[in-house]
Amino acid sequence: MSTEQLDSGLVLDAVRVTEIAAIAASTLVGRGDEKAADQAAVDAMRTALNNLAIDGEIVIGEGERDEAPMLYIGEKVGRGGAAIDIALDPLEGTTLTAKAMANALAVMAWAPKGTLLNAPDTYMDKIACGPGYPAGVIDLDKSPADNVRALAGAKGVSPEEITVCVLDRPRHAEIIASIRSVGARVNLITDGDVAGVMHTADPATGIDLYVGQGGAPEGVLACAALKCVGGQFQGRLVFRNADEKERARRVGITDFDKKYDLHEMVRADAIFAATGVTKGALLDGIRREGGHVVTHSLVMSSSTGTVREVRMRRPV
């Protein structure tokens with residue numbers, strides 16, 4: 001694992017970028033247009049990044065260059081400065097935004113150049129828990145039921161006291177059945193698995209464990225957040241066809257069965273920032289009141305272990 005660190009002055013730059021993207025997306029909340037909401041966030045985030053004194057490269061972005069005209073994987077951003085890898089999702093929860101549902105976020109992670117996993121745009125099997133447990137307490141190769149039992153044992157409670165966050169998808173029917181077979185609770189979410197993983201590290205959410213299959217890029221973003229606050233994560237890429245394997249090869253992945261842990265996905269100290277677009281368990285959404293816009297963000301640095309909750313109010 002690299003011991004490189006980013007300058008602490010970049011922390012507030014990062015949260016300003018997610019604020020700008022969230023404000024732009026918020027104008028489309030409840031309007032039923034996922035693409036327009038996403039595009040508004042992309043445009044705003046790209047403009048904000050290009051105004052910063054960084055030498056940034058997008059390693060987790062909106063897709064490959066032939067699919068995404070902006071914030072594509074490999075795009076360079078910034079005016080020059082610190083060389084950094086950037087993982088981003090300008091709008092995590094496009095459907096949530098279009099339908100005015102909870103937990104839509106603008107999220108971004110920064111790390112020194114060459115230290116974030118350049119994950120292809122495929123699925124990933126994931127499991128995560130928060131801090132304070134023995135190393136290896138969870139294991140992607142064990143059943144969800146066994147992981148619930150292990151976590152309950154480490155926590156000193158019965159499995160019935162464990163709550164597991166799972167994306168509400170047909171592909172997760174067996175996972176949900178396994179969790180419930182030992183009496184644990186299942187908290188189903190419709191979208192937004194970055195927030196789902198982050199919930200495990202915040203006791204206020206009541207979530208102990210995250211299990212399921214979601215986007216690999218979102219896995220890297222979630223790992224950056226856990227790197228800052230503590231926790232455990234394991235992930236394995238899931239390939240549905242030869243084209244997805246070819247995408248992985250293009251970003252340097254050759255072991256298609258590798259089980260990644262948190263520190264293999266984020267190999268150096270990182271900065272993570274998230275701003276709420278719609279109100280959720282972690283963050284309030286954008287509000288407009290009295291000619292002002294109000295944002296609620298988290299910005300975290302793994303090098304210092306600091307977590308800042310930032311509320312910003314400015315004239316519209």
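Guide: Let's start with glutamate 62, which touches Asp38, Val42, Ala68, Met70, Leu71, Asp89 and Pro90, leaving out residues up to four places away in sequence. Touching, or contact, means heavy atoms within 4.5 Å. Before we go on, a word on what you're looking at: this is a predicted model, where local features need pLDDT of at least 70 and side-chain atom pairs count only at pLDDT 80 or more, while totals for chains, interfaces and linings use all residues. Residues are numbered from 1 along each chain as its sequence is written, and side-chain values use heavy atoms, with hydrogens and water left out.

Back to glutamate 62. You'll find it in the loop between β1 (54-60) and β2 (76-77). Helices (H or I, at least four residues) and strands (E, at least two) are DSSP runs, numbered from the N terminus. Glutamate 62 has a relative accessible area of 26%, so it is partly exposed. On that scale, buried means under 20% relative accessible area, exposed means over 50%, and partly exposed is in between (1.4 Å probe, protein chains only).

One of the partners of glutamate 62 is Asp38, so let's hop over there. Aspartate 38 sits in helix α2 (residues 34-50). Its relative accessibility is 18%, so aspartate 38 counts as buried. Not counting residues up to four places away in sequence, aspartate 38 touches Glu62, Leu91 and Thr94.

These two also turn up together in a record: UniProt, in an unreviewed entry, places the feature "binding site" at Asp38 and Glu62. They span 25 residues in sequence, but no two of their C-alpha atoms are more than 9.8 Å apart, so they gather at one spot. Both Asp38 and Glu62 belong to the lining of the largest pocket.

On a 1 Å grid over the protein atoms alone, a cavity is a set of points where a 1.4 Å probe fits but cannot get out, whereas a pocket is an open set with protein on both sides within 12 Å along at least five of seven lines; lining residues have an atom within 4 Å of a point. The largest pocket holds about 870 Å³ of space. For that number, grid points are joined across faces, edges and corners, and the volume is the space filled by probe spheres set on the points.

At least two residues each come from α2, β3 (82-92), α3 (94-98), β8 (209-215) and α7 (216-229).

Thr94 deserves a stop of its own. Threonine 94 is in helix α3, and at 23% relative accessibility it counts as partly exposed. Leaving aside neighbours within four places in sequence, threonine 94 is in contact with Glu34 and Asp38.

The unreviewed UniProt entry places a "binding site" feature at Glu92, Gly93, Thr94, Tyr123, Arg169, Pro170, Arg171, Asp191, Gly192, Asp193 and Gly215. From this set, the lining of the largest pocket takes in Glu92, Gly93, Thr94, Tyr123, Arg169, Arg171, Asp191, Gly192, Asp193 and Gly215. Proline 170, which belongs to the annotated set, is found in the loop between β6 (163-167) and α5 (173-181). Its relative accessibility is 76%, so proline 170 counts as exposed.

Gly215 leads us to one more neighbour. Threonine 122 touches Gly214, Gly215, Ala216, Pro217, Leu237, Val238, Phe239 and Glu244, again not counting residues up to four places away in sequence. Threonine 122 lies in the loop between β4 (105-112) and β5 (123-129), and at 4% relative accessibility it counts as buried.

Conventions
UniProt positions renumbered as here; feature names shortened; annotations may be inferred.
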